[in-house]
Amino acid sequence: MNPLLKVTGLTRMYGARVGCKDVSFELWPGEVMGIVGESGSGKTTLLSCLSARLEPTSGTVAYDTREDGLTDIYAMGEPRRRMLMRTDWGIVHQNPRDGLRMGVSAGANVGERLMAVGARHYGSIRAQADEWLRKVEIDGERIDDLPLTFSGGMLQRLQIARNLVTHPRLVFMDEPTGGLDVSVQARLLDLLRRLVTDLGLAAIVVTHDLAVARLLAHRLMVMRRGEVVESGLTDQVLDDPHHPYTQLLVSSVLQP
Amino acid sequence: MYVAVKGGEKAIDNAHRLMAEERRGDPATPVLGLDQIMGQLGLAVDRVMTEGSIHDRELAALAIKQAQGDLVEAIFLLRAYRTTLPRFGCSEPLDTAAMAIRRRISSAFKDLPGGQVLGPTYDYTHRLLDFALAEGSEPDTAECADRPVEARMPRVADVLGHEGLIERNPVGDDPPGDLTRQPLGLPAGRDLRLQNLARGDEGFLLALAYSSQRGYGNTHPFAGEIRMGEVAVEFAPEELGFAIEIGEITVTECQMINQFKGSKDVPPQFTRGYGLAFGKGERKAMAMALVDRSLRAGELGEDAVAPAQDEEFVLMHSDNVEASGFVQHLKLPHYVDFQSELELIRRLRAANPDREAAE
Amino acid sequence: MTSAQGYNFAYLDEQTKRMIRRAILKAVAIPGYQVPFGSREMPLPYGWGTGGIQVTAAVIGPADTLKVIDQGADDTTNAVSIRRFFARTAGVATTERTADATVIQTRHRIPETPLAEGQILVYQVPIPEPLRWLEPRETETRKMHALADYGAMHVKLYEDIARFGRIATTYDYPVLVNGRYLMRPSPIPKFDNPKMHMNPALQLFGAGREKRIYAVPPYTDVKSLDFEDHPFEVQKWDEACAICGSTDSFLDEVVTDDKGGRMYVCSDTDHCTSRQIRREAAE
């Protein structure tokens with residue numbers, strides 16, 4: 001059996017500046033990997049390279065496609081990549097406005113992927129959209145409302161529904177709870193955790209918030225100045241950090 | 001009994017005749033001569049040639065007369081005429097370094113070899129209507145200098161280039177593209193961008209350039225050099241195998257010196273913007289240079305967020321012949337489509353008779 | 001064969017016509033695909049039919065008979081203007097009868113009279129790109145076509161149904177050509193869409209300002225977008241044409257007084273006149 005994602009020596013430079021350097025790991029189906037570190041550590045660069053949105057300077061990212069097994073995503077050609085991003089993958093942006101069409105209704109936002117892969121029955125598309133809105137705990141009455149009228153937490157949940165409707169195998173999340181207030185965050189994390197387990201999703205979650213990492217991720221990579229300084233099972237890394245930087249990170253988390 | 005509306009042909013003929021009469025104006029006043037337009041409205045002629053993409057003062061004057069002074073309409077006339085002209089090749093690139101200079105200024109240096117030559121300019125006039133002109137006064141003769149302007153003046157860009165302070169324009173072997181022969185493909189190379197801007201509407205470019213100076217993608221420009229004068233046009237016919245001079249034209253060239261850039265391989269250098277117009281089109285050349293530089297944001301690693309930096313937005317909307325045509329096409333009958341909309345709106349309203357109309 | 005002083009037959013030089021024909025051939029080879037072409041400035045303004053005129057100029061020959069209509073009528077001002085242009089520059093025979101024409105240039109209507117093999121219908125197109133309102137950038141729409149990434153188009157139709165209970169596009173209604181390319185048929189009313197399907201004539205589309213040519217070859221599958229449970233449907237009138245009595249043609253609404261009085265007449269003047277003549281002959 002193949003890992004879902006196999007990353008080897010991934011490096012991305014910005015001129016002389018290091019974005020991320022020499023990152024290697026494997027991700028297995030149903031596994032959630034957290035990437036933590038402070039801002040500027042390279043986590044967003046890494047996520048962009050992993051999710052086919054930023055071509056690396058060197059190294060490979062191989063995804064286990066349904067037809068051909070492990071394939072280098074940057075070698076596969078744009079049509080295939082786009083298809084992947086529409087079906088097998090999901091991308092949850094930190095700012096939900098980046099991952100939604102603000103000018104069309106919630107129902108249309110959720111139904112778009114279905115329509116993109118050929119769904120042609122309005123009633124059925126609407127029913128699926130309705131079902132997914134409920135799954136992410138958005139009132140079904142809001143199905144025809146524009147996202148402009150939604151709160152931050154609702155927007156984020158809508159974005160998640162929009163991504164999950166085609167049953168992706170791998171979801172990339174960039175600070176999924178960033179910008180939300182604490183109680184809203186808690187509810188969202190709960191939802192994410194449930195969905196990931198129920199749907200058997202694999203995910204890569206970038207976050208600066210260790211509490212989020214602990215709640216969602218099975219494994220962690222700690223990044224500093226573009227390099228992975230420590231990695232391992234979440235609880236181990238957070239409860240028994242070895243690298244001085246990880247220790248610093250862990251100890252500086254404010255206790256409620 | 002209703003009879004379908006007819007008489008379109010006759011209406012058009014009458015409209016043409018009426019227009020011709022209005023164009024002539026009062027028969028008691030003398031007919032406007034092309035020589036008068038060429039001689040005394042030269043700046044209008046310059047603009048029409050530049051945006052019409054033909055260098056022919058007489059044709060431009062005729063277009064201006066035919067269009068009753070509507071320059072955008074005159075530009076359209078020249079462009080339509082241009083379509084019918086046979087093309088027998090391309091000239092050599094104009095050597096503006098060898099220009100017979102009549103005006104040359106630089107705001108980057110107080111003085112430089114060749115000096116600051118004001119030439120014929122409105123720049124320092126006080127904008128007071130001159131009523132003596134209305135009476136038809138003749139101007140005083142301009143005094144002749146005791147020696148001529150320098151025959152060759154080094155370019156400011158070359159002066160800075162000696163120290164490597166300003167980026168070099170890359171020399172390419174590929175022939176430049178031609179928008180009059182091929183459709184614009186995006187992203188566009190700098191050659192097509194410059195051609196598009198040269199033909200582009202002066203007002204549109206002026207507004208975009210202005211916006212860039214007001215913070216919508218500031219490029220920190222300095223007018224490195226503006227020069228106006230005559231340049232030779234050379235053409236190398238196949239049969240001869242060498243270039244011959246086929247005439248000379250007046251052009252205005254503007255080189256802007258902009259925000260410097262550097263990278264890990266290249267030390268910081270000033271960047272450039274370029275503008276060129278027929279005749280004395282200085283405002284156009286300057287606006288073009290500013291927009292040229294703004295459009296290079298992407299290739300210089302700058303965040304392209306402002307309208308003047310948006311290549312597709314600028315290049316697709318710069319042509320006033322296209323813009324005028326499409327805006328004015330709304331005057332054409334659209335009643336069939338409107339009928340379709342009426343049918344729908346009535347149907348929708350009938351389906352929901354209880355809904356109150358919005359206040 | 002006469003032509004205007006100093007101009008080539010049908011105005012354009014032969015090189016240009018060849019360039020346009022090459023674009024047309026590409027378009028015919030890939031039904032519904034927009035082929036970029038080096039559109040020329042014409043003596044009529046952009047937006048007023050220069051694309052259609054260039055296509056017609058490229059395909060028309062001295063033996064052709066040309067019909068030009070706008071809103072279905074031969075006598076609307078722009079149709080008159082264009083017909084005169086070709087009369088001046090090509091000296092071709094012109095006609096108002098659909099059945100007698102070999103080339104028909106049209107704005108916003110397909111003739112009611114069914115077309116035959118050997119006829120060419122040239123449409124004037126203002127905006128060729130069906131995805132333009134969803135995505136203003138050309139660089140992006142090009143990719144969407146290449147990848148048949150048309151989900152966004154159905155989103156718009158979905159929204160209409162959610163908001164209005166029905167699809168709210170009434171003209172320039174998008175179609176899928178030959179099962180592959182999404183195409184805009186130009187602002188013809190949706191009433192005319194079914195006529196494009198399996199039409200024996202060659203259908204050519206010219207967008208001069210946007211510089212694109214596309215085509216639907218004879219007997220090609222053209223399907224208007226819809227949902228299985230909200231199928232495509234055409235407009236219907238309760239009234240008949242006040243002149244010829246037709247109940248199955250597209251009707252124009254004519255305002256007769258300022259108290260809301262109106263009557264309906266055929267938009268296609270040739271169709272109306274022909275029916276009138278037949279009716280009178282039968283009496």
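Mentor: Start with polar contacts: across the interface of chain A and chain C, the rule finds eight residue pairs in polar contact, both at pLDDT 80 or more. A polar contact is a pair of N or O atoms within 3.5 Å; within protein, one must be able to donate a hydrogen and the other to accept it, and residues adjacent in sequence count only if both atoms are side-chain atoms. This is a predicted model, in which local features need pLDDT of at least 70 and side-chain atom pairs count only at pLDDT 80 or more, while totals for chains, interfaces and linings use all residues. Residues are numbered from 1 along each chain as its sequence is written, chains are lettered from A and ligands numbered from 1 in the order in which they are written, and side-chain values use heavy atoms, with hydrogens and water left out.

Trainee: Which elements of chain A give two or more residues to the side that touches chain C?

Mentor: Helices (H or I, at least four residues) and strands (E, at least two) are DSSP runs, numbered from the N terminus. On chain A the elements are α2 (78–86), α3 (106–116) and α4 (122–135). The largest share, five residues, comes from α3(A).

Trainee: How many residues does the contact take from chain A and from chain C?

Mentor: Contact means heavy atoms within 4.5 Å. By that rule 22 residues come from chain A and 19 residues from chain C. Buried area is the accessible area (1.4 Å probe) that two parts lose on being put together, summed over both. Chain A and chain C bury about 1,800 Å² between them, 59% of it on carbon and sulfur atoms. Arg82(A), Arg120(A) and Tyr122(A) supply 40% of the area that chain A buries against chain C, more than any other three residues.

Trainee: How many salt bridges cross the interface of chain A and chain C?

Mentor: A salt bridge is a side-chain nitrogen of Lys or Arg within 4 Å of a carboxyl oxygen of Asp or Glu. The rule finds four across this interface. Glu78(A) and Lys143(C) meet in a salt bridge at 3.8 Å, N to O.

Trainee: Is Glu140(C) buried or exposed?

Mentor: Buried means under 20% relative accessible area, exposed over 50%, partly exposed in between (1.4 Å probe, protein chains only). Glu140(C) counts as buried because its relative accessibility is 19%. Glu140(C) is found in helix α4 (residues 138–146) of chain C. Leaving aside its neighbours within four places in sequence, Glu140(C) is in contact with Arg82(A) and Glu135(C).

Trainee: What do the buried residues of α3(A) pack against?

Mentor: On chain A they pack against α2, β6 (89–92), α4 and α5 (152–164), together with α5 (151–164) of chain C. The helix α3(A) is mostly covered, with 11 of its 11 residues buried. Just after α3(A), Gly118(A) takes a positive phi of about 110°.

Trainee: What is the count of salt bridges between chain B and chain C?

Mentor: The count is six salt bridges. In one of them, the side chains of Arg84(C) and Asp13(B) meet at 2.8 Å, N to O. Chain B and chain C bury about 4,600 Å² between them, 58% of it on carbon and sulfur atoms.
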